[in-house]
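I opened my notebook to look up how the pieces of this chain pack and pair. My entries follow.

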Amino acid sequence: MNQFRAGRPSGPDQEATSGYATTAVLRRANLAAVLAELRYGAGLARSQLATRTGLTTATVTRLTGTLLQKGVLVEDAAVPSGSPGRPLVPVRISGDYVVIAVHIGALSTRLGVVDLLGRVSHTEHSPHRDSSAERELPQIIAAVRALIARIPQTVIGIGVSTGGWVNHQSGRIIEHPTMDWRDVPVTGELEHATGLPTRVAANEFAGVLAERLFGNSPHVENLVYLFVGNVVAMAALSHGRIVQGAHHAAGVVDHLSVGEETAHRCRCGRMDCLNAATSQMAVVADATEAGLLAPHDTDPMDHLLEAADDGNAAAAALLHQRAHRVGRAAARLIELFDPEILVVGGTLDTPTYLTDIWAGVEEALDSRVTRDVQTLVRAPSFGNQEFTVSPAAVLLDDFYRDPVDYIDL
């Protein structure tokens, strides 16, 4: 079961050094080591793979032969080796195997097709007709099955991300307060309907995994991911492992102070809580009250962003204020976790609002800023594909630790 280790498999040629383990277990570990090196997209020759993994060239040749036969790898054109002898023939991961990505948002569901390298080949988006789990989950399942039926690649599994409290080990959404979903067995329902392995995680955990697997800084071992959408939450990667907590509930930042009183009273009674001040729902409520949005708008945040981009000063002011407050809260997380990178995902990933986030961080940290804030605090690596790559990464994290669980190798 997925433990969100998010690390790289060990490298030494275990077929020669671990006499206590079975050949099958060692082979699985070695296959994972080879694929981990190819996960970054560039083709590598067998000799290069042997050097990087610590496996013998003979072992790498056997493993890549199996992966080529199954279509997981393809060969590139031969290139000169730079020394006398045969040219090098790089191998790379093909696009023939894919994951179905499912992001269950508060107002809509996004589906996508993502290959083993995190590349998106298809997306679709449908608003919720009825947010209840009893009505909406069957609709999501039907859409997933229809998508699987019409794509040509081999689907190895389904990755799901959503807001709220998710127990990834049981595959259940324990509580999604904005949708009023409680104890929903998402993994079990999707696996029963499709026959495919399914993994589910909260948005913030999915975001960390996506950055770790396919992001712009794949070797980072200490990272904080702050998700600011209809829900606000964070996840931390510490020395290559995600901090989950005893009940899979680590990352609750609802009541982190934004440093000032706001127009919204939190359910705890305070007026400065992060979720009540900066969630998408809070900003939409402010915009609706100010007459910037029509009541019951089906795409309120998109329309607010469009208004700001079109020069509406009031809309822009709301979004700038929100980003600045997020920056102040991010400063607290930087102090708590000392990350190499803090990623702000959700709906604040444009350069305009990143500038406000940086300003909020600098204001909160004042003279204690010891690193370049613009290098430390970043947008997600995937732009408008964040909600497709992230859920796929929940499944692909598991795949890269043991590919034999997903492909008959």
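Entry one: a helix across a sheet. I looked up helix 14, residues 386–401. Helix 14 lies across strand 3, strand 4, strand 5, strand 6 and strand 10. Its direction runs at about 120° to strand 6. I note that this is a predicted model.

In which order do the five strands stand? I read 5-4-3-6-10, in an open sheet with mixed pairing. Strand 5 (120–127) and strand 10 (198–202) are at the edges. Each has a single partner strand, so one side of each lacks a neighbour in the sheet. Neighbouring strands are turned by 15° against each other on average, direction ignored.

I then followed strand 6, residues 154–162, to strand 10. The two run parallel, and five bridges join them. T162 stands opposite A202 of strand 10. Helix 7, residues 203–214, also packs on this sheet. I found helix 7 touching strand 3, strand 6 and strand 10, with its direction at about 110° to that of strand 10.

Is strand 11 buried or exposed? Six of its six residues are buried, so strand 11 is largely enclosed by the rest of the structure. I checked both faces. L223, Y225 and F227 are buried on one side, and V224, L226 and V228 are buried on the other.

Next I looked up the partners of strand 11. Strand 12 (residues 232–238) pairs with strand 11 in the antiparallel sense over six bridges. The two form a hairpin with three residues between them. F227 stands opposite A233 there. Strand 14 (residues 341–346) pairs with strand 11 in the parallel sense, also over six bridges. Here L226 has V344 as its bridge partner.

Side chains of opposite charge can pair when their charged atoms come close. How many salt bridges are there? I have 22 in my count.

I picked out D76 and R92, which meet at 2.5 Å, N to O. D76 sits in the loop between strand 1 and strand 2, and R92 in strand 2, so the pair ties together parts 16 residues apart in sequence. D76 is partly exposed at 26%, and R92 is partly exposed at 30%.

My next pair was E260 and R325, with closest N and O atoms 3.0 Å apart. E260 is partly exposed at 29% relative accessibility, whereas R325 is buried at 6%. Last, I noted one network of salt bridges with shared partners: E191, R199, D397, D398 and R401.

Note on methods:
Residues are numbered from 1 along each chain as its sequence is written. This is a predicted model: local features need pLDDT of at least 70, side-chain atom pairs count only at pLDDT 80 or more; totals for chains, interfaces and linings use all residues. Side-chain values use heavy atoms; hydrogens and water are left out. Two strands pair if DSSP finds at least two bridges between them. Helices (H or I, at least four residues) and strands (E, at least two) are DSSP runs, numbered from the N terminus. Axes are lines fitted to C-alpha atoms, for helices over the stretch in contact, and angles run from 0 to 180 degrees between N-to-C directions. Contact means heavy atoms within 4.5 Å. Buried means under 20% relative accessible area, exposed over 50%, partly exposed in between (1.4 Å probe, protein chains only). A salt bridge is a side-chain nitrogen of Lys or Arg within 4 Å of a carboxyl oxygen of Asp or Glu.
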